[in-house]
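This briefing covers the strand pairing, salt bridges and surface of the structure shown below. Points are grouped by topic.

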Amino acid sequence: MRRNSDDEDKSGGEFNGIEDLLSGTNGDDAAVDVHEYDEEIRVVADIPHAVPDDITVQCDGRTAAIRVASEPRPFVVRVDLPSYVDDTSGETQFNNGILEVTFDRDTDPANIGFH
């Protein structure tokens, strides 16, 4: 793809990534595992250098978002869960840089049981 002269970065690349710096990164480099069990889904994230007060977990039943307000760069990790969970059931534990969030499984809200 050829660039037009209007597409050039007039700052010489000095401000590349400034949006990430201001709003945080998307957490692609964070190590996150999801474990499925019969009654629960467990999300385990490696978040070194964070403190518990910097961590916020939100869930909509199908996706979990882990926000870390750490310096110098806050970040967000979004995890697609393998099945529906009760979004109000989240229990968190944070120890030595490892965050564990456990959700109870829930039924698919689209399954309303027509017979």
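In this predicted model, I55 has V68 of strand 4 as its bridge partner. Strand 3 and strand 4 (residues 63-68) run antiparallel and are joined by 5 bridges. Local features are reported at pLDDT of at least 70 and side-chain atom pairs only at pLDDT 80 or more, whereas totals for chains, interfaces and linings use all residues. Residues are numbered from 1 along each chain as its sequence is written, and side-chain values use heavy atoms, with hydrogens and water left out.

- An open sheet of 3 strands has the order 3-4-5 with antiparallel pairing; two strands pair if DSSP finds at least two bridges between them.
- Strand 3 (55-59) and strand 5 are at the edges, and each has a single partner strand, so one side of each has no neighbour in the sheet.
- From one strand to the next, the twist averages 15° (axes are lines fitted to C-alpha atoms, for helices over the stretch in contact, and angles run from 0 to 180 degrees between N-to-C directions).

- Strand 1 and strand 2 (residues 40-46) run antiparallel and are joined by 6 bridges.
- V34 has V43 in strand 2 as its bridge partner.

**Salt bridges**

- The count is 2 salt bridges, a salt bridge being a side-chain nitrogen of Lys or Arg within 4 Å of a carboxyl oxygen of Asp or Glu.
- One of them joins the side chains of E36 and R105, at 2.9 Å from N to O.
- This pair links distant parts of the chain, with E36 in strand 1 and R105 in the segment after strand 7 (98-104), 69 residues apart.
- E36 is partly exposed at 47% relative accessibility, and R105 is partly exposed at 29% (buried means under 20% relative accessible area, exposed over 50%, and partly exposed in between, with a 1.4 Å probe and protein chains only).
- R42 forms a salt bridge with E40, with the closest N and O atoms 2.7 Å apart.
- R42 has a relative accessibility of 23% and counts as partly exposed; E40, at 22%, is also partly exposed.

- S89 is in the loop between strand 5 (75-80) and strand 6.
- With a relative accessible area of 11%, S89 is buried.
- A polar atom of the S89 side chain lies 2.7 Å from the backbone oxygen of D86.
- Leaving aside residues up to four places away in sequence, S89 touches T102, F103 and D104 (contact means heavy atoms within 4.5 Å).

**Whole protein**

- The protein has 1 helix and 7 strands, where helices (H or I, at least four residues) and strands (E, at least two) are DSSP runs numbered from the N terminus.
- The elements run α-β-β-β-β-β-β-β from the N terminus on.
- Of the 115 residues, 26% are buried.
- Among contacts with a separation of 6 or more, 46% are between residues 24 or more positions apart.
- The protein exposes about 8500 Å², of which carbon and sulfur atoms supply 44%; accessible areas come from the Shrake-Rupley method with a 1.4 Å probe, and for residues only the protein chains shown count as cover.

Note on methods
Polar contact = N/O pair within 3.5 Å; in protein donor to acceptor, adjacent residues only side chain to side chain.
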